[in-house]
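Please walk through the helices, surface and charged pairs of the model below.

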Amino acid sequence: MSKTTSPKPTALIYCDHLLPYSATFVRSQAEALKHFTPHYIGCRLIKGLSLPAERTSVISQGGISGKVSETFYKLWGIPPAPFVHMLKQVKPSLLHAHFGPDGLRALPLARQLRLPLVVTFHGYDATVKDEYARRSSLSHRTYLKQKSLLQQEARIFIAVSEFIKKKLLDQGFPSNKIFVHYVGVDTTTFTPDPGIPREPVVLFVGRLVEKKGCEYLIRAMGEVQRVQPEAELVVIGDGPLRSDLEKLSKETLKRYRFLGAQSPETVRSWMNRAKVFSVPSIIAESGDAEAFGIVFAEAQAMGLPVVSFASGGIPEAVAHGKTGFLAAERDWQSLASSIVKLLDDSALWDSFSQTGRERIQAAFDLHQQTRALETIYETALR
C-alpha cells in the first residue's frame, strides 16, 4: 500500500496591498517554503507582482461594497464574514505579516482565526522617527498609537538584521520574542555568466530617494572619471529625486545613464556586466535607514563587488575589505577612491568577486534561509 502524505499546513502571508513590485522578497520567501503552503491575504489587490490566484484572497473585491468592507476592517478590525469563512476553509496554522503597521492591521484576523501572529520588520517600520511616521499615513499613525497591543499579542517578531533588532529593542519590543532572520537570495537565479565581459560600469539600483544616497555616488563618480574617463555610471530606479539627480549628473559627469525602473531580469543583466555595485545609503532626515539591503546580497551573488557607506545594516550584508569597501557615511571622496581601486586592480576585483559569491551562498542562500524561517514558524506554533 502506498502511503498518503498529509497536506502541508497553510501559512497566511499578510500584506495590506498585494503586492507592490518593491516587495519581491515577500513572494520569493513565501514561494520557497517547503513545509508550509503560502496563502496571500490583504486588504486589496494592486497593480504589481503576480500572485497565484488560487492562493490569494483579499477583503475588498472592488466597487462600493469592497470599499465599505475595507473601511470597516481598517477602522474597526471587522473583516467580512465570507472572507473569514473562506480563510477557515484553507485551515491556516499561522499568520505571517510583513511590516509593522501591517502586523497591527492583521491582528484582528489572527485573533478571530485563533492563529499565532508572526511579524517581520523590514526597515522604515522600525527606523522612521515618530514625528515623520505620524505625517506619513493614517496606517502608521494608528500603528504608533496601538503598537503596545502588537508587542503583547504577536507571538514572534522577525528583524531582518541585527541593526533592526536593536531598533525594536529600543522601542520596547520584548527581547524573548525577537528573532533575527536574513531574507535570502536565490543563488541559482543570481548566478554570474563568466562568458559576459565586464565593463567599466558602476551600477546603482534603488529608489531615487534621500536614503539611497545617489547624490554622493554622482559626486564620487566625478572624481572617478577624472582618473578613469571611460568609467560610466548606470542608474536603475525611479523616484522623486530623479530630475535633481539627472541635473547634477549633467553638471558633474561625462558618462552616465538613467534607465528608470527596470525588470528583475534587466537588473541581473546589468549586475553581470558592471564592475562595481554602489548604493551609498545614508540615514535620512526622517530616520529611515537601510535595514540590510537585499540588493547588496544579490549583487555579490552575481560576483559584483560592492562600494557603499557603513550605514544601517549594510555592514551585515557586505564584508568590508573582503567582498567590498564601506566608507563612513557621506564620505564620497573615500567612495571614489574605493571605486578606482576596484576598477584598477584586477586581482583585488577577482578576489572580492569570488569571496562575495561564496559568502552569499554560505550565509544568505534563499533555500537555506527559508528552512531557518520554517524553524521560526515551528517555534511560533509551539
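The bend at a residue is the angle between axes fitted to the seven residues ending there and the seven starting there. Helices are DSSP runs of H or I with at least four residues, and strands are E runs of at least two, numbered from the N terminus. This is a predicted model, in which local features need pLDDT of at least 70, side-chain atom pairs count only at pLDDT 80 or more, and totals for chains, interfaces and linings use all residues. Residues are numbered from 1 along each chain as its sequence is written, and side-chain values use heavy atoms, without hydrogens or water.

Helix α7 (residues 138-153) bends by about 65° at Gln146. Its buried residues are His140, Tyr143, Leu144, Lys147, Leu150 and Gln151, where buried means under 20% relative accessible area, exposed over 50%, and partly exposed in between (1.4 Å probe, protein chains only).

The model has 18 salt bridges, each a side-chain nitrogen of Lys or Arg within 4 Å of a carboxyl oxygen of Asp or Glu. In one of them, Glu31 and Arg55 meet at 3.1 Å, N to O. This pair links distant parts of the chain, 24 residues apart: Glu31 is in helix α1 (residues 24-31), and Arg55 is in the loop between β4 (44-45) and β5 (56-58). Glu31 is partly exposed at 38%, whereas Arg55 is buried at 18%.

In helix α2, Lys74 and Glu70 are four residues apart and so separated by about one helical turn. Their closest N and O atoms are 2.6 Å apart in a salt bridge. Lys74 is partly exposed, while Glu70 is buried, at 7% relative accessibility.
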